[in-house]
Amino acid sequence: MGSQLRIQLTEQKKEKPASDKLGFGIHFTDHMFSMEYTEGKGWHDPQIVPYAPLVLDPAAMVFHYGQAVFEGLKAYRNQNGEVRLFRPDQNFKRLNRSLARLDMPQVDEALMLEALQKLVSIEKEWIPTEESTSLYIRPFVIATEPYIGVRAAHSYKLLILLSPVGAYYASGMKPVKIYVENSFVRAVRGGTGNAKVAGNYAGSLKAQTEAHAKGYEQVLWLDAIETKYIEEVGSMNVFFKVNGEIWTPALNGSILEGITRDSTIQLLKHWGMPVIEKRISIEELLQAHQNGQLEEAFGTGTAAVISPVGEMCWNDNIMKINGGETGSLTQKIYDSITGIQYGLAEDPFGWSVKVEE
Ligand code: COI
């Protein structure tokens, strides 16, 4: 790509936000990456350009039939000034799986990794250095062809935006409260639940708004057939420590294949801990809570990192977990994963990738 990638730098740099005012997904850097796809020609015109609004035809198919997929990863800058990415190859592999599910064209993963390295390196001054801050990276692909018949589009646009962020939850690292949703469902096997598709999130918003009104940060989704088995939380996969074992819902085609989920499982196994991927019913979990065996709960995700869960509510049953405090295993996983992400801890799996400047 070195030779194909066009770079146009802006003269008008924006003011960078103070690190205690970052929030999540509010600020965007000076540049973005974009690339076009045209049927018969493939992906073309990869470029890094000044961040700017898009001009799209109102008939662009993304507005009508929702061909939109996205990814989320982060760049981290440590106190030695090094910039690092965490398993970025996995994000572009998953992007290709999501694209395939929506009948959208595949991207060249090596080319995407190279473009991302370049973009992050150009924007490195935007990467905050304070604890728990990072540069969130949002690659996404949309259908741009102006046409309103129902079929896969013939033209697409891929963009990568960068956003300096703090904690995903407004409450920071404080344990979150989760509402177990009984009537709405997120995804069904054979649908798009395991792809990172914009529509999955659109369908989840009503339940999330209702949960917020009841004082809960996020929704925990149950399976769509029996509304009995735990799937995932709005923006993260979920883990439970029950009587010394660590349980997480097994991937079943409707759960997102989280990269932080996979990393957590690998780390726990590396530490010799019993990790069990299985179908977990909400009744079983309530029972474990009532027996005093539900010791910890936490979510995993790129945005959410490792988020302790302090309380869950299902059918008026309130399950307070570890007295509403962060558990010691949750803290250990958080410290280990973030240590690797920032390039400050031993990285037994070689997950952290240094960005060349
Ligand atoms: C992520 O963790 O990167 C996500 O995509 C979750 C959310 C912000 C949609």
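Colleague: Where is the place of Ser 263 in this model?

Modeller: In this predicted model, Ser 263 has its place in helix H6, which spans residues 259–270.

Colleague: Is Ser 263 buried or exposed, and why?

Modeller: The term buried is kept for residues under 20% relative accessible area. Ser 263 has a relative accessibility of 0%, and therefore counts as buried.

Colleague: Which residues is Ser 263 in contact with, leaving aside its neighbours within four places in sequence?

Modeller: With those neighbours left aside, the contacts of Ser 263 are Phe 86, Arg 87, Ile 337 and Trp 351.

Colleague: Turning to the helices, how should I read the packing of H2 and H3, and at what angle do they pack?

Modeller: For two packed helices, the description rests on the angle between the axes and the distance between those axes. Here helix H2, residues 88–101, and helix H3, residues 109–122, pack at an angle of about 130°, and their axes are 10 Å apart. Because of that angle, H2 is oblique to H3, and the crossing of the two helices is right-handed.

Colleague: Which residues in H2 meet residues in H3?

Modeller: From H2 come Pro 88, Asp 89, Phe 92, Lys 93 and Asn 96, which meet Glu 109, Met 112, Leu 113 and Leu 116 in H3. Sorted by class, this contact of H2 with H3 has five nonpolar residues, one polar residue and three charged residues.

Colleague: What should I note about the phi of Asn 315?

Modeller: As a general idea, most residues other than glycine have a negative phi. Asn 315 is not a glycine, and yet its phi is positive, at about 50°. Asn 315 lies in the loop between strand E16 (305–314) and strand E17 (317–320), and with 45% relative accessibility Asn 315 counts as partly exposed.

Colleague: Where does Asn 322 lie, and what is its phi?

Modeller: The loop between E17 and helix H8 (328–341) holds Asn 322, which is likewise not a glycine and has a positive phi of about 50°. Its relative accessible area is 35%, so Asn 322 is partly exposed.

Technical notes. Residues are numbered from 1 along each chain as its sequence is written. This is a predicted model: local features need pLDDT of at least 70, side-chain atom pairs count only at pLDDT 80 or more; totals for chains, interfaces and linings use all residues. Side-chain values use heavy atoms; hydrogens and water are left out. Axes are lines fitted to C-alpha atoms, for helices over the stretch in contact, and angles run from 0 to 180 degrees between N-to-C directions. Helices (H or I, at least four residues) and strands (E, at least two) are DSSP runs, numbered from the N terminus. Angles under 35 degrees count as roughly parallel, over 145 as roughly antiparallel, 65 to 115 as roughly perpendicular and the rest as oblique. A crossing is left-handed if the near helix is turned anticlockwise from the far one by less than a right angle, and right-handed if clockwise. Contact means heavy atoms within 4.5 Å. Ala, Val, Leu, Ile, Met, Phe, Trp, Tyr, Cys and Pro count as nonpolar, Asp, Glu, Lys and Arg as charged, and the others, Gly among them, as polar. Buried means under 20% relative accessible area, exposed over 50%, partly exposed in between (1.4 Å probe, protein chains only).
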